[in-house]
Amino acid sequence: MKRIISLLLAVTLALSCTLALSSCGEKNNRLPIVCGEAGMNDIAGVATYGVDYYSLGVKAGDMAADILIDGDDPSAMPVATDPNPALTVNSAVADDIGLTIPQAILDRATDAQTSTVTRVESAIVSDGADYVVGILQLLPHVALDQANEGFQDQLSVRMNAAGKTVKIYDNDASGEDSNNMTIATTYVTQNVDLIYTIATSSSVAAMTATEGTDIPVLFNAVTNPVGEGLVESMNAPGGNVTGVSDINPVEAQLDLIAELTGKENPKIGFLYTSSETNSVFQVKTLGIPHCNEKGYTYVESGIVDITNLQSAMLKLQQEGVDAIYIPTDNLLANAAATVHELNCGE
């Protein structure tokens, strides 16, 4: 009897798993995702108005050259932004989830083609340089890598044009705050001429490490530099820290969801990392007030780490959201492929 019961339980469990997998794989359970960051949208999203991180890096390279070569004062250098985020679509992901992108969006979309700068390798040297720059990047992923690459490319061009050379230390913190501070402190000990930081926590660490010194900090990929205390204002930083913000047009991205779903009042699921202040800022300060203003309903699903991702997405599916919005978020951008796999039931 026990053997028969065990066999029946095994068959029941196998059947349940098969049905669950079949249900997850159905296209009507897959949700359109709009990502705040274009690189993540290229992997997991269907469309977005996205900033170009390589171009933001190029702008930072110019600012660094202005400080190092021309002697410009960081305290008077306004924080730069991407003035015209491009609308791009991802037809491959749309096909995966069974979504037809409205023709009106396709007609407005542009190709996400970045015009790159040709790096002057001879301007970047290992010894005897005119200037030394330390790069502190939070962790490797597409957007932050592009901000790094654009910076180095443009800085080499400016150095070459001025007949100067630069030595570059390039380190990432593997996503750890303790590593941020260790690397920043090391750069201060090495008395570098400028620290270029990529992402919010790396920038805050460098600002802290350089207190009491005259080493300028130039940040990139920081969504809310005023709220993080990096600058006094966007137009007048007021200290030895300035840079480039990757703030994206959250309101336009949310309105894009209404257009994608064909619903005047869509139900939007906010998926974000609750421990990333830049993500919280985009959701709480920009996203939710816009939803309230436009009459969109919304559900929040914050994660602490990547182990929470599957349950967070399941929550949004069970809440019956029409689409998911993911702000500029380092943890989720690094897990973009996993986000897409979970959305497709893979």
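D172 is partly exposed in this predicted model, with a relative accessible area of 33%. The value falls between the 20% and 50% limits, so D172 counts as neither buried nor exposed. D172 lies in strand β5. It belongs to a negative surface patch, together with D145, E149 and D170. Two or more residues of the negative patch come from α6, and two or more from β5 (166-172).

Now the paired charges. Side chains of opposite charge can pair when their charged atoms come close. The whole structure holds 8 salt bridges.

| Salt bridge | N to O distance |
|---|---|
| R158 and D66 | 2.9 Å |
| D153 and R119 | 2.6 Å |
| D255 and K294 | 3.1 Å |

Take R158 and D66, which meet through their side chains in a salt bridge. This pair links distant parts of the chain. R158 sits in helix α6 (residues 142-161), while D66 sits in helix α3 (residues 53-68). The separation is 92 residues. R158 has 21% relative accessibility and so counts as partly exposed.

Is D153 buried or exposed? D153 is buried, because its relative accessible area is 4%, and buried means under 20%. R119 is partly exposed, at 27% relative accessibility.

The salt bridge between D255 and K294 spans 3.1 Å from N to O. Which elements does this pair tie together? D255 lies in helix α9 (residues 250-261) and K294 in helix α10 (residues 277-294), so the bridge ties together parts that are 39 residues apart in sequence. D255 counts as partly exposed at 25% relative accessibility. K294 counts as partly exposed as well, at 36%.

Some salt bridges share partners, and in this way D62, D66, D70 and R158 are joined into one network.

Note on methods:
Residues are numbered from 1 along each chain as its sequence is written. This is a predicted model: local features need pLDDT of at least 70, side-chain atom pairs count only at pLDDT 80 or more; totals for chains, interfaces and linings use all residues. Side-chain values use heavy atoms; hydrogens and water are left out. A salt bridge is a side-chain nitrogen of Lys or Arg within 4 Å of a carboxyl oxygen of Asp or Glu. Helices (H or I, at least four residues) and strands (E, at least two) are DSSP runs, numbered from the N terminus. Buried means under 20% relative accessible area, exposed over 50%, partly exposed in between (1.4 Å probe, protein chains only). Patches are made of residues with over 30% relative accessible area and no salt bridge: like charges are joined within 9 Å, nonpolar side chains (Val, Leu, Ile, Met, Phe, Trp, Tyr) within 5 Å. Accessible areas come from the Shrake-Rupley method with a 1.4 Å probe; for residues, only the protein chains shown count as cover. Lys and Arg count as positive and Asp and Glu as negative; His and the chain ends are not counted. The place of a charge is taken as NZ of Lys, CZ of Arg, CG of Asp or CD of Glu.
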